[in-house]
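I opened this model to check a few helices, a surface patch and some charged pairs. My notes are below.

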Amino acid sequence: MFDYGGDPATTGPRHLRVRGGTALTGSIDVKTSKNAGVALLCASLLNRGPTVLRRVARIEEVNRILRVLGSMGVAYEWLSPEGDLRIQPPERLDLTRVDTDAACRTRSIIMFLGPLLHDYHQFELPFAGGCELGDRTVEPHLTALRRFGLSVERSQGRYCATVKEHVEPPGTIVLTERGDTVTANAIMAAARFPDVTVIRNASCNYQVQDLCWYLEQLGVRIDGVGTTTLTVYGREEIDEPVDYAPAEDPIEAWSLVSAAIVTESEITVRRTPIEFVEIELALAEEMGLAYSRSEEYLAANGRTRLVDLTVHPSPLRAAADKIHPMPFPGLNIDNLPFFAVIASCAEGGTMIHDWVYENRAIYLTELNRLGARVKLLDPHRLQVEGPVRWTGGEVVCPPALRPAVVLLLAMLRAQGVSELRHVDVIHRGYEQLAERLQLLGAEIEPF
């Protein structure tokens, strides 16, 4: 047993040794959403009252946000081993003592802009970090937040923010990017603006829905949740005790489904948020995947539809068309990398088009070290040929979360012993992933 909580440099394994070629079996529960969890931690700054979040994933991304919150004076307490967390902001945040190291290692820090602009006319935040996925502009955030009086200058690795005292009601805002964090920032800015704000071209993805439902419990009415047009009825002050349970993580769910597909195993992935993996399932079904599912039931938030998915060993064929992501309800950008390893197990050639990020596709060519045939056509397109004969190898984790997990799944399939080195990046987004795969029969040894 090993613990992934806290700083992985001291409490988590730095490397994993994998003996592959063994079928997995059993059932596994999906943890709550990483991306919803960090958005809700940022949104807790809107509320002067206490926030209790249920079953928060104990991952490094959450730890980093908590370190930043704690450095600003926010009190937080883990209430149970299951991940229940209580957050209480102070009367005034101390924005002069922000933990720069933690802030620079997470892109989620950008979602502090929306909450902070309500109470602080001037403040600074370190530049956002996170996975190395190429240039990820913050301009869409700033374009939206300017309508609430925020202006930002970049200086010496920091965002220097100034907020106008008197701002005309934004009315209708059209987001220039249908991004999840961009939408979250606009919603949090509108939540405490004492007027009605319409947000068009909004993301309707899972973490945005959880954020809206959390704010509704705080008395902020939001119409159009689950669509690309949101109408937010803001409240100037929010001081409410709130108890909220974010829904399960569709990216972790698809990671676990992919583990079953790649290892040709029969696994039941329980508590899968079906609405957010339907496209992925439809594509995999076209490639030959056989699976069964339970009747739907509701997550603890009372809104998100869950099922138990059982994956059956299936011969796969290449996708008939290229596989590419789209904003929800399309294939999730974070689930796209898993199709590189799935396509490597299929008969024929599959093109994967990762059009969003400049640098991520190249990391998937690391699968070739394990016997795959992945060809980088340009910075955004991959040609994957299969099936391949997977062989063990030693690979250093790329600095991107999903490609790192893709390599781990390939090692579960590969004959012989593999080593995945410097797995800190996996701790960013997955709670005890290796340990939970062990419970399904995976032979994984941390060292």
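These entries cover helices, then the patch, then salt bridges.

I noted at the start that this is a predicted model.

Helix H8. I checked the length of H8, residues 206-217, against its residue count. At 1.5 Å a residue its twelve residues should span 16 Å, and the end C-alpha atoms are 17 Å apart, which agrees. I then looked at cover: ten of the twelve residues in H8 are buried, among them Tyr206, Trp213 and Tyr214. After H8 comes Gly219, and I read a positive phi there, near 95 degrees.

Helix H13. I looked up residues 401-413 and found H13 mostly covered, with twelve of its 13 residues buried. Arg402 is one of the buried residues, as are Pro403 and Met411.

Surface patch. I found a nonpolar patch of about 270 Å² made by Met326, Trp355 and Val356. I placed Met326 in the loop between strand E17 (305-312) and helix H11 (338-344).

Salt bridges. The structure holds 36 of them. I followed Arg360, whose side chain meets that of Asp334 at 4.0 Å, N to O. This pair links distant parts of the chain, 26 residues apart: Asp334 is in the loop between E17 and H11, and Arg360 is in helix H12 (residues 360-363). Arg360 also forms a salt bridge with Asp354, at 2.8 Å, N to O. Which of these residues are buried or exposed? I found Arg360 buried at 1% relative accessibility, Asp354 buried at 3% and Asp334 buried at 15%.

Methods
Residues are numbered from 1 along each chain as its sequence is written. This is a predicted model: local features need pLDDT of at least 70, side-chain atom pairs count only at pLDDT 80 or more; totals for chains, interfaces and linings use all residues. Side-chain values use heavy atoms; hydrogens and water are left out. Helices (H or I, at least four residues) and strands (E, at least two) are DSSP runs, numbered from the N terminus. The expected span of a helix is 1.5 Å times one less than its number of residues. Buried means under 20% relative accessible area, exposed over 50%, partly exposed in between (1.4 Å probe, protein chains only). Patches are made of residues with over 30% relative accessible area and no salt bridge: like charges are joined within 9 Å, nonpolar side chains (Val, Leu, Ile, Met, Phe, Trp, Tyr) within 5 Å. Accessible areas come from the Shrake-Rupley method with a 1.4 Å probe; for residues, only the protein chains shown count as cover.
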